Amino acid sequence: QERMKILFETFPEIKQGYNLVQKLRCIYNQKYQIDVARAKLARWYEDLLNSNLKTFGTVARTLENHNHNIINYFNNRSTNASAESFNAKIKQFRAGFRGVSDIQFFLFRLTNIYA
């Protein structure tokens, strides 16, 4: 707490970024209806743009490009994290064999390990 206080006094931009991150976490951790979540995310996005923090540029572009998919999270609060995790496991498995020459055997091994 003490270090954070000193850091925020010395570098106010870090405090501003930290506050933005905490606000976004609060939006995702609350069980808002989709319309309320949309409004809160829009307000958060406005705060982000007003902050002029260049390090959040990627986040701003992601919100612009994937706003519909991000808002869909609030329908049933599910993500594609399990699919992404499985995809990473497949890539790691494939890399272990330095490529795949026999696709049918690869799929067979993959099914036996992860099914």
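Tutor: Glu-84 is partly exposed, with a relative accessible area of 47%; buried means under 20%, exposed over 50%, and partly exposed in between (1.4 Å probe, protein chains only). Glu-84 belongs to helix H6 (residues 81-96), helices being DSSP runs of H or I with at least four residues, numbered from the N terminus. The model is predicted: local features need pLDDT of at least 70, side-chain atom pairs count only at pLDDT 80 or more, and totals for chains, interfaces and linings use all residues. Residues are numbered from 1 along each chain as its sequence is written, and side-chain values use heavy atoms, with hydrogens and water left out.

Student: How far apart in space are Glu-84 and Ile-70, C-alpha to C-alpha?

Tutor: In sequence, Glu-84 and Ile-70 are separated by 14 residues. In space, their C-alpha to C-alpha distance is 16 Å.

Student: At what angle do the axes of H1 and H2 cross?

Tutor: Two packed helices are described by the distance between their axes and the angle between them. Axes are lines fitted to C-alpha atoms, for helices over the stretch in contact, and angles run from 0 to 180 degrees between N-to-C directions. The axes of H1 and helix H2 (residues 12-29) come within 5 Å, and they cross at roughly 115°.

Student: Which residue meets Lys-23 in a salt bridge?

Tutor: A salt bridge is a side-chain nitrogen of Lys or Arg within 4 Å of a carboxyl oxygen of Asp or Glu, and the count comes to two. For Lys-23 the N to O distance is 3.5 Å, and its partner is Asp-47. The pair links distant parts of the chain, 24 residues apart, with Lys-23 in helix H2 and its partner in helix H3 (residues 34-51), namely Asp-47.

Student: Is Asp-35 buried or exposed?

Tutor: The side chain of Asp-35 forms a salt bridge with that of Arg-38 (3.2 Å, N to O). Because they lie three residues apart in helix H3, Asp-35 and Arg-38 are separated by about one helical turn. Arg-38 is partly exposed at 41% relative accessibility, whereas Asp-35, at 56%, counts as exposed.

Definitions and conventions: Helices (H or I, at least four residues) and strands (E, at least two) are DSSP runs, numbered from the N terminus.
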